[in-house]
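Have the viewer open while you read.

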Amino acid sequence: MSEQTGPAPLDDQHSPDQHAEPGEEGREHQPGGGVTLADVLLAIEELWPESLAEAWDAVGLVTGRPAQPVRRILFCVDPVLEVIEEAAEQEVDLIVAHHPLLLRGVTSVAANTPKGRAVHRLIESGIALVSVHTNGDSAVGGVSDVLADALGLDGVGPLTQAANGLPEEGIGRVGDLAEITSLGDLAERLFAILPAVAGGVRVSGDRDGLVRRVAVCGGAGDSLFDAVRAAAADVYVTADLRHHPASEARESSPDGRPYLIDVSHFASEWLWLPAGAAALDNVLTDQGHSLDIRVSSINTDPWDFILTPSEG
Ligand SMILES: [Zn+2]
């Protein structure tokens, strides 16, 4: 988790809080003027409705009082203690985390457990926490949409359609590159787009093989192979690919397709943070609110270094 391996901080182009710059102080609403957590939760629901979350998921508000004021928001992938400390230092009022802090049932949040420490730190610091997880994956502008956009895919649709959503909503995305490219070049493009992490980018397939139709799924996507094959994708970009699903996918494809590109789970979802922050800022700005919305600068990928044979 050294600073060198952390994702680059937001550049000006991505900064969603530019309306708070000097020169616009004449706006009717000063930063945080009367905005409550309940107001922000409504904006979050508009963008990433909870009805789009998978049945097993735990999305929504984890800590916080709906009536508490919100001036500063921090987006992160993992609401780990280091990120909560970052939020406390920056006097953040609300953390929007992709991963749930509490996914499974708990019977204690005692501060001598990691989850309990996080809950205590949040409440003691007056920080609200909301999880936007599979609802954020499924929605338009969600995690896989952002990945598809970053690769410049056209004609993008979901890999599996949402049960309670619009036709364009669902888990994963598939679309076409503007130009046929080699598997190696596509992997290099991904490597350049994603934040730097120790594990890098792993590829299964012919480096010079040509690809055009690309399936993507931010986060762990090895349950979607049937949908990837049904979509006739040349290559599947996802994270956390395990040995057996990957090996079986290779065995079942006569021409090696879909090729596989396995990226860091954290990195694949991190791309959504600046996009999600900007989307939330747009909704709140349209409502006349002006908040300071930031992206965590902490790399929460759990891996720190890797040993590989050098390329011959
Ligand atoms: Zn994830």
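Let's start with a helix pair in this predicted model. Leu 81, Ile 84 and Ala 88 on the α2 side are in contact with Arg 117, Ala 118, Arg 121 and Leu 122 on the α3 side. Sort those contact residues by type and you get five nonpolar, no polar and two charged. As for geometry, α2 covers residues 81–89 and α3 covers residues 114–124; their axes come within 10 Å and cross at roughly 10°. Angles under 35 degrees count as roughly parallel, so α2 is roughly parallel to α3.

**The overall picture**

Zooming out, the protein has ten helices and eleven strands. It runs to 312 residues, of which 43% count as buried. Take the contacts between residues at least 6 apart in sequence: 73% of them join residues at least 24 apart.

In soluble globular proteins, nonpolar side chains tend to be buried together. Here the largest nonpolar core has 85 residues, and Leu 94, Ile 95, Val 214 and Val 235 are the ones with the most contacts inside it. Helix α10 (residues 272–286) supplies the largest share of this core, seven residues. Where does the core lie relative to domain 1 and domain 2? Domain 1 (3–133 + 269–295) and domain 2 (140–263) both contribute residues, so the core lies between them.

Leaving aside residues up to four places away in sequence, Val 214 touches Leu 151, Leu 153, Val 174, Gly 175, Leu 177, Ala 233, Asp 234, Val 235 and Val 237.

Over in strand β4 (residues 128–131) you'll find Leu 129. It is buried too, with 24 C-beta neighbours inside 10 Å. Not counting residues up to four places away in sequence, Leu 129 touches Val 62, Thr 63, Gly 64, Pro 79, Ile 95, Ala 97, Leu 101 and Leu 122. Ile 95 is one of the core residues listed above, and Leu 122 also takes part in the contact of α2 with α3.

Back in helix α10, Ala 277 is buried, with 22 other C-beta atoms within 10 Å. Here are some pairs to check in the viewer, each with its sequence separation and its C-alpha distance.

| Pair | Apart in sequence | C-alpha to C-alpha |
|---|---|---|
| Ala 277 and Phe 75 | 202 residues | 6.7 Å |
| Val 214 and Pro 258 | 44 residues | 8.8 Å |
| Leu 129 and Pro 79 | 50 residues | 8.3 Å |

**An enclosed helix**

Why is helix α5 (residues 143–150) described as largely enclosed by the rest of the structure? Six of its eight residues are buried. Those are Val 143, Ser 144, Asp 145, Val 146, Leu 147 and Ala 148. They pack against α4 (134–138), β5 (154–161), β6 (170–182), β8, α9 (265–270) and α10. After α5 comes Gly 152, which has a positive phi near 75°.

Most residues other than glycine have a negative phi, and most peptide bonds are trans.

Pro 258 is joined to Arg 257 by a cis peptide bond, with omega about 0°.

Is Ala 232 buried or exposed? With 11 other C-beta atoms within 10 Å, Ala 232 is exposed.

Asp 240 also has a positive phi, near 60°, and its place is in the loop between β9 and α8. Asp 240 is partly exposed, with 15 other C-beta atoms within 10 Å.

Terms used. Residues numbered from 1 in each chain as written. Predicted model: local features only at pLDDT ≥ 70, side-chain atom pairs only at ≥ 80, totals over all residues. Axes fitted to C-alpha atoms, helices over the stretch in contact; angles between N-to-C directions. Helix = DSSP H or I, 4+ residues; strand = E, 2+ residues; numbered from the N terminus. Parallel < 35°, antiparallel > 145°, perpendicular 65-115°, else oblique. Contact = placed C-beta atoms within 7 Å. Nonpolar A, V, L, I, M, F, W, Y, C, P; charged D, E, K, R; others polar. Buried ≥ 20, exposed ≤ 12 C-beta atoms within 10 Å, placed from the backbone. Core = buried A, V, L, I, M, F, W, Y, C linked by C-beta atoms within 7 Å. Domains from an automatic or database assignment.
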